[in-house]
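Keep the 3D view open as you read.

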Amino acid sequence: MQPLKKSLLSQQKKLKHLSARVFNAKSLVLSQTTAYEVIEEYKFCRVRYYASPDRKYAEPLVFVAPLAINMAIYDLYPYRSLVKHFQHSGFDVYLLEWTKLNYQDRFLNFMSFIDDAIPHCIDRISQHAGSCEISLHGWSMAGIFVTLYTALHQPEHVKNLMVMGSPIDSYASGRVGKLFSNINQLISRSKSVQETIYQGKIPKRMIHTPGLLNALGFKILDPRGWIVSQKQFLSNLADTQTTYEHATMGDFLNNMIDYPGGINQDMVLNLWLQNPLKQGVIQLKDKVIELNNINCSLLIGAGSSDQIVTAEASRPLGELTSSPDVTFTLIPGGHLGLMSSQKSANEFWPKLTTWLAQRSTLLETQN
């Protein structure tokens, strides 16, 4: 009788969790509970400040968020939060986030971010932190943002640069990279098609993608990761924490924001399709940006099972800069997991903290 009763209770618990997940998912979301202060709002962005309870280092850590996502990935769970981890490791943390972009923002492009919004916000952060130098972190598209910003503005502020899961040699990125390489070859057969696609002649309204489409695209690019996640949830329905974490991650994945048409022009039609960064140079409008201008300490990270941006696509950055201090590391997880998984938190976050601490200035040693 006891085993039967236990089985019935387990089934009831599973049904309760499944019902809550389907019909009341918002009540299960655990993300973004760490307190912060907004210190700056500028055009389409704002800066969050997470003060360290025991600040040890002069240079603040600045996270720059990629587009499309909401900010939950940086503060995913109360017990597994990237911003909280670094707060309690002695770093003042700043997060540069983007507002909920929409169709009216379709003309925004790479230069809008790397030569306007990011420089403005980093100047403000530097002033607020009382430190001319900062440590800068970018994941996915934001890794491209911080790389190009640093190359364009070095050596203004960046002492330490961390680039995670960002395509430098886009053609090397597995099946996705081969697809882009093949598409580029097809486009190159026609000069008129090449000019239309690559010289910005496609109306921005036609290549502006809404958040819902971005959410769908993220899952299509990594279908295996999404399927595995669903299977894990269904096979652990009796576990309360699994239910909360699945709802939290689902809220993150299903609430993405728009990619402006100008960003798609620069990211997809320029960077992915033409692959200029493999040679260490990219032209944006009238500016030629060279990666060999980067001479700060550099950490390059790639997800060990990332199917969107493989290690082979990320690794070449280390050979294209002038930095005398380059570290490349594999991080447990895929494109999303390298930022948020339990394994990444256990294995990679301590390594990243050590790397950053060794290259930061202890407040006690300041003159």
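## Strands, helices and salt bridges

Leu136 has Leu161 of strand E6 as its bridge partner. The model shown here is predicted. Strand E5 (residues 134-139) and E6 run parallel and are joined by 6 bridges.

Which helix is mostly covered? Helix H11 (residues 261-274) is, with 12 of its 14 residues buried. Among the buried residues are Gly261, Gly262, Met267, Leu271 and Trp272. The buried residues of H11 pack against several helices, including H3 (110-129), H4 (141-153) and H5 (174-187), and also against strand E7 (281-284). Just after H11, Asn275 adopts a positive phi of about 60 degrees.

The side chain of Asn264 makes a polar contact of 3.2 Å with the side chain of Thr209. Leaving out residues up to four places away in sequence, Asn264 touches Ile207, His208, Thr209, Tyr259 and Leu269.

Helix H3 holds Cys121, which is buried with a relative accessible area of 0%. Not counting residues up to four places away in sequence, Cys121 touches Cys45, Val47 and Leu96. The C-alpha atom of Cys121 is separated by 10.0 Å from that of Leu95, 26 residues apart along the chain.

Next, a buried arginine. Arg80 sits in the loop between strand E3 (61-64) and helix H2 (82-87). Why does Arg80 count as buried? Its relative accessible area is 8%, and buried means under 20%. A polar atom of the Arg80 side chain lies 2.9 Å from the backbone oxygen of Ser340. Setting aside neighbours within four places in sequence, Arg80 is in contact with Glu245, Ser340, Ser341, Gln342, Ala345 and Trp349.

The salt bridges come to 9 by count.

| Glu40 | Arg124 | 3.5 Å |

Glu40 forms its salt bridge with Arg124. Glu40 belongs to strand E1 (residues 37-42) and Arg124 to helix H3, so the pair ties together parts that are 84 residues apart in sequence. Glu40 is buried at 17% relative accessible area, whereas Arg124 is partly exposed at 24%.

Glu97 is buried at 7% relative accessibility, while Arg46 is partly exposed at 24%.

Asp92 is in the loop between H2 and E4, and Arg55 in the loop between E2 and E3, so the pair ties together parts that are 37 residues apart in sequence. Asp92 is buried at 5% relative accessible area, and Arg55 is partly exposed at 29%. Salt bridges that share partners also join Arg46, Arg48 and Glu97 into one network.

Finally, the surface. Leu213, Leu216 and Ile220 form a nonpolar patch there, with about 300 Å² of accessible area together. Ile220 belongs to helix H8 (residues 211-221) and is exposed, with a relative accessible area of 56%.

Note on methods
Residues numbered from 1 in each chain as written. Predicted model: local features only at pLDDT ≥ 70, side-chain atom pairs only at ≥ 80, totals over all residues. Heavy atoms only, no water. Patch = residues over 30% accessible without salt bridge, like charges linked within 9 Å, V, L, I, M, F, W, Y side chains within 5 Å. Areas by Shrake-Rupley, 256 points an atom, 1.4 Å probe, with all protein chains shown as cover. Salt bridge = Lys/Arg side-chain N within 4 Å of Asp/Glu carboxyl O. Helix = DSSP H or I, 4+ residues; strand = E, 2+ residues; numbered from the N terminus. Buried < 20%, exposed > 50% of the residue type's maximum accessible area, 1.4 Å probe, protein only. Contact = heavy atoms within 4.5 Å. Polar contact = N/O pair within 3.5 Å; in protein donor to acceptor, adjacent residues only side chain to side chain. Pairing = 2+ DSSP bridges.
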